[in-house]
Amino acid sequence: IRQQELNSTPRSPLLFNIQEMGPKNFGGRTRGILLDRDNYDHIFVGSVSGGLWHSLDSGKHWTVVDDQMSCLSISSITQDFYNHDVIYAGTGEGWGNGDGVKGNGVYRSMDHGVTFQQLPSTDSSAFDWVDRVEASPRDTGWLYVASATNGLYRSKNFGDTLKKVFVTAAAVNDIEITPSGGVWIGVHNTGIFYSASGDSGTFIPMMNGLPAAGHFNRVEMAMAPSDSNRIYIALENLQSNELQG
């Protein structure tokens, strides 16, 4: 967002009352943040060059989860809606920046984030760059994985097996899932798509009022917690590399 636009637009003073919470000096760029569903003071953050960290006191102090993981490029974190002991971390910074760190799939914790192991189903080049992992509220064990090189995948068994449900050569940048299990995805340089079920062949473009494919790059989305029909979208400007809503 352009700084001059922020300064010239009337906004709540809370937007500017922001303090750095760490872990500075070690973490690096932070792409993934997760508030533990059992305890909102327990926060996980994923750095694309410094691994996975967690805080038990709302960010006042930080501890590294595991410096010995075979990949320390954490791009996204999510938690199962029903079994809160299950937490996933996607790896690889697939946004096309020159200093992006390659990943090696998705890691899963079955003990509430104490230890993580790579999912064998993601031990392939298709998951070297995972832009987003997102658990579905539709049922326990449902997981979506957005690849920057190989489409969108879904698992119904906690990631043990994965099925491709959206085919594209472009990066799937973002995922939003409604309480009923509807799936929104943002595809780099291509568009916004929606499926009521998340099944293969059911995703339809939702581009009314948005720039046409080829007129933007990266896509970021957010769903309003109070209304799952309200979706906010930011598109990266082709010329300036800025996100514009």
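**Ground rules**

I am working from a predicted model, where local features need pLDDT of at least 70, side-chain atom pairs count only at pLDDT 80 or more, and totals for chains, interfaces and linings use all residues. I number residues from 1 along each chain as its sequence is written, and side-chain values use heavy atoms, with hydrogens and water left out. For helices (H or I, at least four residues) and strands (E, at least two) I take DSSP runs, numbered from the N terminus.

I count two strands as paired if DSSP finds at least two bridges between them. Strand 1 and strand 2 (residues 43-47) have 5 bridges, in the antiparallel sense.

**Sheet 5-6-7-8**

Next I looked up another open sheet of 4 strands, with the order 5-6-7-8 and antiparallel pairing. Strand 5 (74-79) and strand 8 (117-118) are its edges; each has a single partner strand, so one side of each is left without a neighbour in the sheet. Strands 6 and 7 run antiparallel and are joined by 4 bridges. In this pair I see Y88 opposite R108 in strand 7.

**Salt bridges**

I define a salt bridge as a side-chain nitrogen of Lys or Arg within 4 Å of a carboxyl oxygen of Asp or Glu. By this rule I get 8 salt bridges.

One of them joins the side chains of E93 and R31, at 2.7 Å from N to O. That pair links distant parts of the chain: E93 sits in the loop between strand 6 (87-91) and strand 7 (106-109), R31 sits in strand 1, and they are 62 residues apart. Buried or exposed? I call a residue buried under 20% relative accessible area, exposed over 50%, and partly exposed in between (1.4 Å probe, protein chains only). E93 counts as buried because its relative accessibility is 1%, whereas R31 counts as partly exposed because its value is 25%.

I then checked R132 and E220, which form a salt bridge with the closest N and O atoms 3.0 Å apart. This pair also links distant parts of the chain, with R132 in strand 9 (residues 130-135) and E220 in strand 17 (residues 219-224), 88 residues apart. Both R132 and E220 are buried.

E220 has a salt bridge with R218 as well, with closest N and O atoms 3.0 Å apart. E220 is at 16% relative accessibility, so I log E220 as buried. R218 has a relative accessible area of 19%, so R218 is buried too. Which residues make up the network of salt bridges here? I noted R132, D174, R218 and E220.

**S195**

My last stop was S195, in strand 15 (residues 191-195). I put S195 down as buried because its relative accessible area is 0%. Its side chain has a polar contact of 2.5 Å with the side chain of T202. For polar contacts I use a pair of N or O atoms within 3.5 Å; within protein, one must be able to donate a hydrogen and the other to accept it, and residues adjacent in sequence count only if both atoms are side-chain atoms. For contacts in general I use heavy atoms within 4.5 Å. Leaving aside neighbours within four places in sequence, S195 is in contact with G182, V183, T202 and F203.
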